[in-house]
Amino acid sequence: MVLFAPAIYIASKIVRDRPFSSYSSSRGGWNWKIYFKCLSIPLAIYLIFLLVSLLMGNESGSKTQVSLMAMVISLILISAQCIAEEHVFRGLLMQTFGGWLNIPVLAIIIQAIIFAIVHSYNSIGVISMGITGILFGWLSWRTSGLEASSAIHSINNLMAFFAVALGVSSISSTLSYMDFAVDIIINLVSVFAVYYIGVKRGWFDEETPDKLI
């Protein structure tokens, strides 16, 4: 997935129909300041959840030894993978469908369905991914960019990695109803908290972003 972002960049240079920066946002390109600001909110939410889970003794996995180097590499690669996914689904696909249909809601739903299908989970997991795709699509649309959804996506995957390392959960493609409920609640709270705080503080109004490329 990490390679999809540079693939879109190369394709945009070959086709020359629009700049790559337009897939990142309608504000002129990718803005790292918005991304890092948005990281803090889902991070706080997930840390509270992990702390409560550990205090309650809800450990469904076994603790693993994770080196500092592995943590750094995972931090970089997982974040890059999530940003690339957002460029594919909420950038390329959602904007393409939106341009064809001129109906934002349909574009959000269609990309969310594709987003759900490409994840190898059981039926509950696929539904969870579909709802997550809708939430991320709505957030990208309302904030006119991919930074906010990428931030939540990054924290989501990073916390899942560290939760497995701490023994709070185990790696599985089969989600339970409890997993489904927790995922949806956390994503709902994260999306609307990021949107509300970001709008209130004017995070999404910056006109001079630091472009990704």
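This is a predicted model: local features need pLDDT of at least 70, side-chain atom pairs count only at pLDDT 80 or more; totals for chains, interfaces and linings use all residues.
# Helices, rings and a pocket

Biologist: What percentage of the residues in the protein chain is buried?

Modeller: The protein chain has 213 residues. Val191, in helix 8, is one that is buried, at 0% relative accessible area. For the protein chain, the buried part comes to 43%.

Biologist: Where does Ser144 lie, and what is its phi near?

Modeller: Ser144 is found in the loop between helix 6 and helix 7 (147–166). Its phi is positive, although the residue is not glycine. The value is near 60 degrees.

Biologist: What is the volume of the second largest pocket?

Modeller: On a 1 Å grid over the protein atoms alone, a pocket is an open set of points with protein on both sides within 12 Å along at least five of seven lines. Grid points are joined across faces, edges and corners, and a volume is the space filled by probe spheres set on the points. For the second largest pocket this gives about 310 Å³.

Biologist: Which helix gives the most to the lining of the second largest pocket?

Modeller: Lining residues have an atom within 4 Å of a point, and this pocket has 21 of them, with Arg90, Met94, Gln95, Ser140 and Trp141 nearest its centre. Helix 2 (21–24), helix 4 (68–101), helix 5 (104–117) and helix 6 (123–143) each supply at least two. Five lining residues come from the helix that gives the most, helix 4.

Biologist: How many polar residues are in the lining of the second largest pocket?

Modeller: Ala, Val, Leu, Ile, Met, Phe, Trp, Tyr, Cys and Pro count as nonpolar, Asp, Glu, Lys and Arg as charged, and the others, Gly among them, as polar. The lining has eight nonpolar and two charged residues. Its polar residues number 11.

Biologist: Why is the pair of Trp30 and Tyr35 given its class?

Modeller: Rings of Phe, Tyr and Trp (its six-membered ring) pair if their centres lie within 6.5 Å; planes under 30 degrees apart count as stacked, over 60 as edge-to-face and the rest as tilted. The whole structure holds 10 aromatic pairs. In this one the ring centres are 5.6 Å apart and the planes at 45 degrees, so the pair is tilted.

Biologist: How far apart in sequence are the parts that Trp138 and Tyr195 tie together?

Modeller: Trp138 and Tyr195 form an edge-to-face pair, 5.0 Å centre to centre with 65 degrees between the planes. Trp138 is partly exposed at 23%, whereas Tyr195 is buried at 19%. Trp138 lies in helix 6 and Tyr195 in helix 8 (residues 177–201), so the separation of the parts is 57 residues.

Biologist: Which ring does Arg90 lie over?

Modeller: A charge sits over a ring if NZ of Lys or CZ of Arg is within 6 Å of the ring centre and within 35 degrees of the ring normal. Arg142 lies over the face of Trp141, at 5.6 Å. For Arg90 the distance is 4.3 Å from the ring centre of Phe115.

Biologist: How many disulfides are there?

Modeller: A disulfide is a pair of cysteine sulfur atoms within 2.5 Å. Cys38 is buried at 0%, and Cys82 is buried at 0%. By the distance rule, the disulfide count is zero.

Methods:
Residues are numbered from 1 along each chain as its sequence is written. Side-chain values use heavy atoms; hydrogens and water are left out. On a 1 Å grid over the protein atoms alone, a cavity is a set of points where a 1.4 Å probe fits but cannot get out, and a pocket is an open set with protein on both sides within 12 Å along at least five of seven lines; lining residues have an atom within 4 Å of a point. Helices (H or I, at least four residues) and strands (E, at least two) are DSSP runs, numbered from the N terminus. Buried means under 20% relative accessible area, exposed over 50%, partly exposed in between (1.4 Å probe, protein chains only).
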